[in-house]
Amino acid sequence: MSVVNRPSNRPLSPHLQIYRWQLTSVLSILHRATGIALSVGALYLATWVMYAAAGPRAYALFQDFNASILGRIVLGGWLFSAFYHLCNGIRHLFWDACYGFELKDAYRSGWIVVAVSLLATVLSWIVGLRLV
Amino acid sequence: MDDRRTPLARARGLGSAKDGVGHWWAQRLTAIALIPLVVWFAVSLVMLSGADYATVRAWIGSPLVMVLLILTIGIGLHHGQLGLQVVLEDYTDGAWRVVWIVLVKFIAAVFGLAAIVAILRIGFGG
């Protein structure tokens, strides 16, 4: 795969500005985006246990951040990313096993993923923020 | 790990990615492992919300949590670096592709090992 041999004027498709959005492609993009977010989130979790091991003063700094608005957004966003990537990942595993490839099935499983991950996120926010 | 290629595919080489199915299979294996681990961890995180230092330390240091947490962070980072490698292979090129992929793998290894050491320190009171 050398850069030199690649023809330079090939048409690019599909073009982003005129691309018609569909549920399936949006969920596919979101799977990647949440995957990248969760990779960064995994570093954050690793940092969390390191702060916990470092002692009470270090951990207080970490707790202050978690309690801030930005911290809440990060943790809340992590939970949504985790639930979404988990649900859509299971959808991918079914595809790997050759189930659910029909367009109708792909849309149905897509909406199930959206519903379950949003429900789990809202539920965890309610419990996590002690709103009930 | 099973070699899932046909004898002909094995004789011809490792396919267009020069990597066979090793990467693909590892991604699936870690994905399956992460299903119960992530559910457990997400529930734990929600329950720990607002917990103080002593509570969090006691939780991390209990034997079952230590095992599950090391698995979650270790397998999670491994799955993450496998996924980021695919993303980088899609969107970067040439020498920078190699640099980014090496960097991602090194960071995952360092953070993973550091997290495991931290968990063991808490559990064994270092």
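Reader: Before we start, what is a polar contact?
Author: Happy to begin there! Within protein, one atom of the pair must be able to donate a hydrogen and the other to accept it. The two are N or O atoms, and a polar contact is such a pair within 3.5 Å.

Reader: Which side chain makes a polar contact with the side chain of B:His23?
Author: Keep in mind that this is a predicted model. B:His23 sits in helix 2 of chain B, residues 22-48. Leaving aside neighbours within four places in sequence, B:His23 is in contact with B:Leu82, B:Gln85 and B:Val86. The polar contact, at 3.4 Å, is with the side chain of B:Gln85.

Reader: Is B:His23 buried or exposed?
Author: Its relative accessible area is 14%. Buried means under 20%, so B:His23 is buried.

Reader: How are helix 1 and helix 2 of chain A oriented to each other?
Author: The axes of helix 1 (residues 23-54) and helix 2 (residues 56-67) of chain A come within 7 Å and cross at roughly 140°. Roughly antiparallel would need an angle over 145 degrees. The two helices of chain A are therefore oblique.

Reader: What classes of residue make that contact of helix 1 with helix 2 of chain A?
Author: Helix 1 of chain A brings residues including A:Tyr44, A:Trp48 and A:Tyr51, while helix 2 of chain A brings A:Phe62 and A:Asn66, among them. By class, the contact has nine nonpolar, two polar and no charged residues.

Reader: How are helix 3 and helix 4 of chain B oriented to each other?
Author: Helix 3 (residues 53-61) and helix 4 (residues 63-91) of chain B have axes 5 Å apart and pack at about 80°. Among the residues in contact are B:Trp59 of helix 3 and B:Leu69 of helix 4. Angles of 65 to 115 degrees count as roughly perpendicular, so these helices of chain B are roughly perpendicular.

Key:
Residues are numbered from 1 along each chain as its sequence is written. Chains are lettered from A and ligands numbered from 1 in the order in which they are written. This is a predicted model: local features need pLDDT of at least 70, side-chain atom pairs count only at pLDDT 80 or more; totals for chains, interfaces and linings use all residues. Side-chain values use heavy atoms; hydrogens and water are left out. Helices (H or I, at least four residues) and strands (E, at least two) are DSSP runs, numbered from the N terminus. Buried means under 20% relative accessible area, exposed over 50%, partly exposed in between (1.4 Å probe, protein chains only). Contact means heavy atoms within 4.5 Å. Axes are lines fitted to C-alpha atoms, for helices over the stretch in contact, and angles run from 0 to 180 degrees between N-to-C directions. Angles under 35 degrees count as roughly parallel, over 145 as roughly antiparallel, 65 to 115 as roughly perpendicular and the rest as oblique. Ala, Val, Leu, Ile, Met, Phe, Trp, Tyr, Cys and Pro count as nonpolar, Asp, Glu, Lys and Arg as charged, and the others, Gly among them, as polar.
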